[in-house]
Amino acid sequence: MVLINKAINEVTIKLVYYGPGLCGKTTNLEKIYGNPKLENKGKMISMSTETDRTLFFDFMPMELGTIAGQKVRVQLYTVPGQVFYDATRKLVLRGADGVVFVADSQSSMRESNTESLENLKTNLRLNRIDPDKVALVFQYNKRDLPNVDSVEQMNAYLHPGNAPVVEAAAINGAGVTATLRAAVARIIENLKSNVDTTLYEAPAAPPTFTPNVGRASARPAEQIEPQVDEAPFGAVAVEVEPDNPFELAAEVHNPAAERGDLEALLDGATAVVRALEEALETARRNEASLRARLKG
Ligand SMILES: Nc1nc2c(ncn2[C@@H]2O[C@H](COP(=O)(O)OP(=O)(O)OP(=O)(O)O)[C@@H](O)[C@H]2O)c(=O)[nH]1
Ligand SMILES: [Mg+2]
């Protein structure tokens, strides 16, 4: 959900990097963070395990500059790719304006990519975001490896449609900025055309708990009340060169905005903690009922 602060003429957009485990989402953010040409970044905050697997999410705010009189800030997030962190993925997607789907180009990763893309669409719908309208960019990552599918092969099974596709080797930084630029451009196109990304139809029925599945099961997803915004982007009249969002002069250091980033981060962390507590309670209940069945 685009946040618009009319008093200081500023819009804040949320972009989420999504994809299967180890596809390179965190690497994308690290390369952006380490790129001196991309100025005016806040701190990158990562919550990961000892082996660098993302546990909750990575977060990094950036100022993109002043575009047609509007200051544009972006909050970058990654989700944890491991299948059992589904509740966290759903939370991080809340209010997203754009998604970069990072696919791992290795042929052996086809199934994981397909599953993750399906999971993205399910979680967007559960957040009442229309997967066909949200700004979506595909990044085909790990192009440096020898055992990768061709772009045509990947298009054939991922069906990106009209969404931009960017080839990348994030580990070397290749394609990272191009992906970010494409995603920001798509979000700004949506803003300019007043696209309402709200999903109005009811999302698919939430998955039910199946105790004998060999992976940790997320708690059944709750139904989310539709958040209907009368004029979601009505206040914004952005006229930009969507191809060059980074070339415009940036106005730096706005303590109020930094506070907003921290609040967003805290909000996300609190929601994650609450979701994990609920998931733990559900798991305990399931555990107890399975024990009871075994005894009986
Ligand atoms: N060869 C190659 N390795 C990459 C590339 N991008 C990332 N990697 C490596 O892949 C591994 C996983 O990268 P991460 O960025 O942590 O993956 P992730 O998607 O954040 O993983 P989760 O947090 O578990 O979902 C690391 O060892 C990276 O160095 C790439 O373009 N090429
Ligand atoms: Mg990660």
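Which residues are buried in helix 1? I opened my notebook with that one, keeping in mind that this is a predicted model.

**Entry 1, helix 1.** I found Lys 25, Thr 26, Asn 28, Leu 29 and Ile 32 buried there. Looking down the axis of helix 1, I saw its buried residues fall within an arc of 155°, so they line one face of the helix. Next I looked up what they pack against: strand 2 (10–18), strand 4, strand 5 (70–78), strand 6 (98–104), strand 7 (135–141) and helix 5 (176–192).

I checked ligand 2 and noted Thr 26 (OG1) and Thr 54 (OG1) as its protein donors, lying 2.0 Å from the ion. Thr 26 belongs to helix 1 (residues 25–33) and Thr 54 to strand 4 (residues 54–67), so the pair ties together parts 28 residues apart in sequence. Are these two threonines, Thr 26 and Thr 54, buried or exposed? I have both down as buried.

I then turned to the largest nonpolar core, which has 31 residues. Leu 15, Tyr 17, Ile 32, Met 62, Leu 76 and Leu 180 have the most contacts inside it. Strand 2, helix 1, strand 4, strand 5, strand 6, strand 7 and helix 5 each give two or more residues to this core, and helix 5 gives the most, with 8 residues.

I followed up on Leu 15: leaving aside neighbours within four places in sequence, its contacts include Val 74, Leu 76, Val 100, Leu 180 and Ile 187. Apart from this core lies another of 29 residues, among them Val 16, Leu 91, Tyr 157 and Leu 158.

Technical notes
Residues numbered from 1 in each chain as written. Chains lettered and ligands numbered in written order. Predicted model: local features only at pLDDT ≥ 70, side-chain atom pairs only at ≥ 80, totals over all residues. Heavy atoms only, no water. Donors = N, O, S within 2.8 Å, 3.2 Å for Na, K, Ca; no water. Helix = DSSP H or I, 4+ residues; strand = E, 2+ residues; numbered from the N terminus. Buried < 20%, exposed > 50% of the residue type's maximum accessible area, 1.4 Å probe, protein only. Arc of directions from axis to C-beta. Contact = heavy atoms within 4.5 Å. Core = buried A, V, L, I, M, F, W, Y, C linked by side-chain atoms within 4.5 Å.
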